[in-house]
Amino acid sequence: MVTHEEILKIAKLAKLSVSADELVALTKDMSEIIGFADTINAVSSADSDFDSVNNLSNVFREDVVVPSYDREEILKNAESQDDGYFLVKKRA
Amino acid sequence: MINYELVSGLETHIELSTKTKIFCSCSTEFGGEPNTHCCPVCIGLPGTLPKLNEKVVEYAIMAGLATNCEISPISKMDRKNYVYPDLPKAYQISQYDMPLCKNGYIELSNGRKIRILRIHIEEDAGKLIHQRGNTYVDYNRGGVPLIEIVSEPDIRSIEEAKEYLEKLQLIMRYIGISDVKMQEGSLRCDVNISVRPEGTETLGTRTEIKNMNSFTHMAKAMDYEVSRQIDLLQSGETVVQETRRYNEADGCTESMRGKEDAHDYRYFREPDLVTIHVSDEQIERLRKKLPEPPIVKLNRYMNEFGLPETDAQLLIKYRNIADYFEAAINDISTPKTVANCMIGQIFSRLDGDGAKENFQVKVTPENLNALVKLLESGKIKMNLLKATLEKMLDTGKAASELISESDMGGIDEETLKGLCAKAIADNQSAVADYLSGKEKALKAILGAVMKATRGRADAVEAEKLLIELIRQ
Amino acid sequence: MDSFGKIKKLSEQMASKQISCVELTKQYVEAIESDNDKLNAYVKSTSDVAMETAKRVDKKIASGEKLLPLEGIPMTLKDNISTKGIETTCCSKILKGYVPIYSATVWEILQNQNAVLLGKTNMDEFAMGSSCETSCFGGALNPHDFSRVAGGSSGGVASAVGGNLAVYGLGSDTGGSIRQPASFCGLTGLKPTYGAISRYGLIAYASSFDQIGPITTSVEDAALVYDAISLYDERDSTSRGKAAAPASESLNKSIKGMKIGIAKEYLDGIRDDVNDAIQKAIKVYESLGAEIVYFDMPSLKYSLAVYYILACAEASSNLGRYDGIRYGYKTAHYADREEMICKTRSEGFGDEVKRRILLGTYVLSAGYYDAYYKKAQNLRGTLIQAYKDAFQKCDVILAPTVPMTAFPLNFSSKDPVETYLTDICTVPVNIAGLPGVSIPCGFGNDGLPIGMQLIGNSFCEATILNAAYQYETAAGKTAFRAVDMGVRL
């Protein structure tokens, strides 16, 4: 059983806010979901040293400069910017 | 009254001087208008993927070899998850439990070894500017490659900390992987520090100090923090484990509690990158590429060339100077002379550390070599050498262009005596001053003699003669 | 027109000037205008881009140049594939208005073949869901029955292709998101081997599971699209590109003697009518000379939990970047930066996405990492080995795609875990990074399409497509039903 406190703690880590209304239903859902995840406890497993799905290694890039994108493009999708910077206003 | 000792370890971040960022091909050039060295990868646009710069791995291995580390044959990248505006993906790609290098050390002058626990590679974050509560973000620096060097808590004094960091800086500069300039941010240091009663083994609670951007600040911060911790313990209180910020203006450390709540970084293996295998072959190839370590060079300069330690330190400090020196002493029997020329006259032409590091001088090492050989073969005397060197520094010309045949060979005693007598006759007031006890007045007369001989005379000999003649 | 193999036929028709690319495209554009409302398959029309491309293709035809295999074919992309200059939202409020400044590699490859992009299609938000209903635009409907979902998360692609509003589409599959909607809509859906298709530009859900793949009305079309897009991409460090020979050239090979494996666990708990369809398909394979091999794969039983733990862990990290600062939705009112970020994310993400982010954060957090994430990674290794062992005994594995037919609308929202359980047949394939193709193999008692999967060893797309093609040819129209809407070719 997952507690409200745990849900709030995890939500904070994940930068999600949970209102008091939402908390009850969310805790219930998450308890069920985590309970479902718990089913792997029933299985024993050896340390499988799982590396990666496709066993590749040493994939590298050469240290050669490629021109960067225009600043206009980089800032294009930002909701607020100022003087070439991304801007996070103190409050809104 | 309990005496406390300080226990400290350093976490050092070094910006690598590769041409491109660690996971994309944007330039790492310093400066530049904000957000002009960016691309979809380094600003973390949805759907983008990282690709590892091979030079970063090479440089990190070189750093490990130069600090006596073991190079891990297998290592991987991990995600360190946390939210901050300077981190566009909300995770930093770093290395958690399988770093590239482990178990090295730096040896201090007192013979103690400061062990290096690990060296790993990671990406730098962007820059934040806070103004009137607003946050301005520039991602140019985001993705610049870093190595993080973590020492064991082996440091026992502020001097040791300074020396450790200086040696680290010197080594990294030497192997050419970074500019390692604290003021520019290519060398950053966080200090972990605790105190314990002298003679005890258990470590006290440590604090971490951040935000020191010079060696002096680091020393001041450590000094303040040690006192602060001792005060707490002596008044029966406990030291809280926390991160503290060095306050430059007040010279103290301040708690950052509240701003830096305990982070749960939720490290897990980076799925977008693959395993790094380092072969013995590659390690050997890189080992051969390393230059002579500064400490070995220092000892060689002292033992082989008989240079005093202070002079040797000055010459090894920057690769360009050491390389110049070694070129200039080719076939020379008195390296000390070359050293003196460099440390005296040449250095005085260079303003500041930056100039010394670049060591752009008009005199080539070959030309300095030729000049000193003239002295060694007796063709010129020391003061002519010095005068000529000044001219060479001004004009860039070789000694052979500046000294004529007739200048070489010095002056015979008869001629010298005559010139001395004339100088005495011409400078009676100076002679009178000298006789009344003003030793310095002799220099003026000597100057006149040297001028008349166009520097060819041996100054020491001339001075002896003058004194003799005056006494008569 | 024969419903099988549309791409080659259309290509031939255009090359021989029986129909111009502009005419063909116009038909699709008009069909979308009139029929998309019924299906909610498309979330964005790109008809201007489509018509421009079509004109270019016609010019090429006029000059006598030979057409590339996919040239001029009207198609669609799931809305998590980045298209430069065209809004890409992942059907999430948090990316509404986001216009990528670069294109996904697969889209660049297709653009080079003058693929005619009709629009971007609907999906579960950030590819998290099995019904398309977590989309901020509402779900896409099943062309066979509008009271049923098209499936998820590539529901929009399946709905469009199944409703004849596109010849083919590219979806993405993390736990079944190509195969399940293909199964629900009576289509062919291929999830390639992990690494076969570049992920560069695919907006990430779970990085070590995601793969892009085609949804088509025939196996041949799926093979043609796969061949075109399975190229090595240097921008993707996990990219391997493809095996040597094109899959579309070995479809006709006889499968006599091919060993078709059935893992008993795959048949546990599936609906009777689905089981019947599978058994019939087995008979068809036997008649084609294949050898049926039965075996156990007990590790399949915990694969769902392993999937959800690992995929959500990766997702929680991949979705951390959505904070409104550089792109996307930003909350209107806040008192400080922390509040800005939390409110932006809480307002921008839907419930299912939030649940998965929370689960992912939980299983990676201090104190839980070993019991969940690390353990799941170990079990992943075990499952990969189990498949390796299985492929010692057989050439392809046959399994149902989904234990049932298309859900009714709103079935999913009732109980998250119950919905997760429906992924039981598809998820193991993603865990192992293997290729899997779903093809229609019959109809349920409710008249809805049933799909079966052919799962192959690493980079054996040619093998599974060969087996699929042979079945398709042998089973003929019995497994397929035309839908009376859209462009009837």
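I began at Asp82(A), whose bridge partner in E3(A) is Tyr85(A). The model is a predicted one, in which local features need pLDDT of at least 70 and side-chain atom pairs count only at pLDDT 80 or more, while totals for chains, interfaces and linings use all residues. Residues are numbered from 1 along each chain as its sequence is written, and chains are lettered from A and ligands numbered from 1 in the order in which they are written.

**Sheet**

I followed the strands (DSSP runs of E, at least two residues, numbered from the N terminus, as are helices, runs of H or I of at least four). E2(A) and strand E3 (residues 85–88) of chain A run antiparallel and are joined by two bridges; strands pair if DSSP finds at least two bridges between them. E3(A) is in turn joined by three bridges to strand E10 (residues 134–138) of chain B, again antiparallel. There I found Phe86(A) opposite Val137(B). I recorded an open sheet of four strands in the order E2(A)-E3(A)-E10(B)-E9(B), with antiparallel pairing. Strand E2 (81–82) of chain A and strand E9 (127–131) of chain B each have a single partner strand, so one side of each is left without a neighbour in the sheet.

**Chain A with chain B**

I looked up the contact (C-beta atoms, placed from the backbone, within 7 Å): 28 residues come from chain A and 32 residues from chain B. On the side of chain A, strand E1 (60–61), helix H3 (71–75) and E3 give two or more residues. E3(A) has the largest share, four residues.

**Chain A with chain C**

Here 54 residues of chain C are in contact with 37 residues of chain A. Of the chain C elements, H12(C) gives the most to this side, nine residues.

**Helix H5 of chain B**

I checked the length of helix H5 (residues 294–305) of chain B. Which residues of H5(B) are buried? I noted Pro294(B), Leu298(B) and Tyr301(B); buried requires 20 or more other C-beta atoms within 10 Å of a residue's own, and exposed 12 or fewer, with C-beta atoms placed from the backbone. Just after H5(B), I noted a positive phi of about 65° at Gly306(B).

Methods: Contact = placed C-beta atoms within 7 Å.
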